[in-house]
There are 2 protein chains.
Amino acid sequence: MMMTKETLSIGELSRQTGCKVPTIRWYEQVGLLSAPARTSGGQRAYGQDHLTRLDFIRHAREFGFPLEAIRSLLDLSGKGDQASCEAAHQIASAQLANVENKLKRLQALQAELSHMVMTGCRGAPADCRILATLADHDHGHCLTDAHASEPPSVHDLEIPPGP
Amino acid sequence: MMMTKETLSIGELSRQTGCKVPTIRWYEQVGLLSAPARTSGGQRAYGQDHLTRLDFIRHAREFGFPLEAIRSLLDLSGKGDQASCEAAHQIASAQLANVENKLKRLQALQAELSHMVMTGCRGAPADCRILATLADHDHGHCLTDAHASEPPSVHDLEIPPGP
DNA sequence: CATGGGACCTCTAGCCACTGGAGGTTCAAG
DNA sequence: CTTGAACCTCCAGTGGCTAGAGGTCCCATG
C-alpha cells in the first residue's frame with residue numbers, strides 16, 4: 001500500500017486539522033481515533049473518516065471538553081436519535097457550568113491581582129504592597145477572601161486551547 | 001527532641017495554613033519549604049518561620065502564581081530593597097497579564113458554549129445544534145472562530161485554587 | 001505497663017493532555 | 001544513488017499535587 005489521493009499521511013492530517021502529529025498518535029493510543037491502515041513501509045494512511053473524526057475531536061477540545069466527554073459525544077453523534085441528543089445536551093450543559101464556575105473564580109482573581117499590582121510599591125520598599133499582600137493575608141490587603149475560604153482543588157481547573 | 005509548644009507537627013501546620021499534609025511534604029521535596037528539624041522518632045517539627053513561609057506560599061498559590069514564581073517571590077521578600085520590590089512587581093504583572101488573557105479566552109468560550117447549549121436541539125435530533133456544531137466548525141455554527149485560529153497550548157492554562 | 005488507634009513516615013504510582021527527544025526507517029525528489 | 005524531510009517506536013517529562021501500600025511513632029486510656 002502507498003499514499004494515494006484518498007489517503008492522508010499523518011503530516012497531512014496534522015496540517016488539515018491543526019492537530020500536532022504526536023497528539024494524533026496519542027489520540028490513537030488512547031483509543032479516541034481508530035488505528036489507520038498502514039503503507040507497506042509501516043506509515044499511517046488515514047481516510048476521510050479519520051479527518052472528520054479528528055476535526056470533531058479538535059473542535060470539542062477547543063470547547064474544553066475533556067477527552068472522556070469527547071469519547072461519549074463521538075459515540076452519541078453516530079446515533080442521531082432523540083436520546084443521544086439529550087445526552088449530548090447534558091454533557092454540554094455540564095461543560096458550560098464548569099466554564100461559568102471557572103469564569104467567576106477567575107474574575108475574582110483578576111480583581112484582586114490587579115488591585116495588588118496597581119497599589120504597587122509606594123516609594124518605600126518596606127511598604128511594598130505586593131510582598132506584603134502575599135505575606136499577610138489576614139491584615140486587610142485583600143478585597144475579599146473568597147479565595148481563602150475552602151480547601152483548594154486546582155486540578156479541575158484547566159482551560160482549553162486558545163489562540 | 002520532641003514536639004514543644006514552639007514547634008508544630010505537620011498536622012498542626014496543615015491545620016493552621018489550610019495546606020494539605022502531602023502538599024507540605026511535596027513543597028519540602030521540591031525545595032520551596034526547607035526541611036524542618038525532626039523529633040527523635042523522625043517526625044517533622046516545624047518552627048514559626050515555616051508557618052510564615054508556608055502561609056506566603058499558599059497565599060501566592062491562591063493568586064495563581066506558579067511555584068517557580070513563588071520561589072522568586074520568596075527570595076525577593078527576604079531582601080526588602082527597591083530592586084526586589086520592582087522585581088516582585090514585574091512577576092505580579094506577568095501573572096495579571098496571564099490571568100487577563102485566560103479570562104478573555106474563557107469569556108469567549110462561555111459565550112460560544114452557552115449559545116450552543118441554548119440553541120440546543122430543535123425537536124428533530126437530526127437538527128441537534130450541539131453535535132452539529134462540534135462536527136462542522138466551518139459552517140457558521142460558531143459565533144467567532146477565535147478559538148480555532150492558533151495552535152493549541154493547553155498547558156499554561158491552569159487556574160489557581162478557588163472556594 | 002500494655003494496648004489501641006490515630007498521626008506520622010517513606011516510597012511509588014497516578015492524574016490530564018499532551019510534548020519532546022533519542023535513535024532508527026521510509027519516502028520522494030533530484 | 002543520495003540526500004533530507006517526514007515518518008516510526010519507545011520512553012521520559014511537564015505542573016501540582018493526590019492516593020495508596022506498608023510500616024513506625026506517639027500519647028491517652030485501662
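Trainee: Which helix of chain A gives the most to the surface near DNA strand C, and with how many residues?

Mentor: Helix 2 of chain A gives the most, with 3 residues. Before the details, note that the model is predicted: local features require pLDDT of at least 70 and side-chain atom pairs pLDDT 80 or more, while totals for chains, interfaces and linings take in all residues. Residue numbers start from 1 in each chain as its sequence is written, and chains are lettered from A, ligands numbered from 1, in the order written.

A residue is near a strand when its C-beta atom, placed from the backbone, lies within 6 Å of it. Of the 25 residues around DNA strand C, those that come nearest are G41(A), P66(A), S9(B), G11(B) and R44(B). At least two residues each are supplied by helix 2 (21-29) of chain A, helix 1 (10-17) of chain B and helix 2 (21-29) of chain B. Helices here are DSSP runs of H or I with at least four residues, strands are runs of E with at least two, and both are numbered from the N terminus. The surface divides into 10 nonpolar, 11 polar and 4 charged residues (nonpolar is Ala, Val, Leu, Ile, Met, Phe, Trp, Tyr, Cys and Pro; charged is Asp, Glu, Lys and Arg; polar is the others, Gly among them).

Chain A as a whole has 6 helices and 2 strands, in the sequence order α-α-β-β-α-α-α-α. Of its 163 residues, 33% are buried, that is, with 20 or more other C-beta atoms within 10 Å of their own, where 12 or fewer is exposed, anything in between is partly exposed, and C-beta atoms are placed from the backbone. A94(A) lies 29 residues from F65(A) in sequence and 9.6 Å from it, C-alpha to C-alpha.

Within chain A, helix 3 (residues 48-62) packs on helix 4 at about 135°, with axes 10 Å apart (axes are lines fitted to C-alpha atoms, for helices over the stretch in contact, and angles between N-to-C directions run from 0 to 180 degrees). That makes the pair oblique, the class left after under 35 degrees (roughly parallel), over 145 (roughly antiparallel) and 65 to 115 (roughly perpendicular). R53(A), F56(A), I57(A), A60(A) and R61(A) of helix 3 meet I70(A), L73(A) and L74(A) of helix 4, contact being C-beta atoms, placed from the backbone, within 7 Å. By class this contact has 6 nonpolar, no polar and 2 charged residues.

Between the chains, helix 5 (residues 82-119) of chain A packs against helix 5 (residues 82-119) of chain B at about 155°, axes 8 Å apart, which makes the two roughly antiparallel. Their crossing is left-handed, and the contact residues divide into 18 nonpolar, 12 polar and 4 charged.

Terms used: Left-handed = near helix turned anticlockwise from the far one by under 90°. Contact = placed C-beta atoms within 7 Å.
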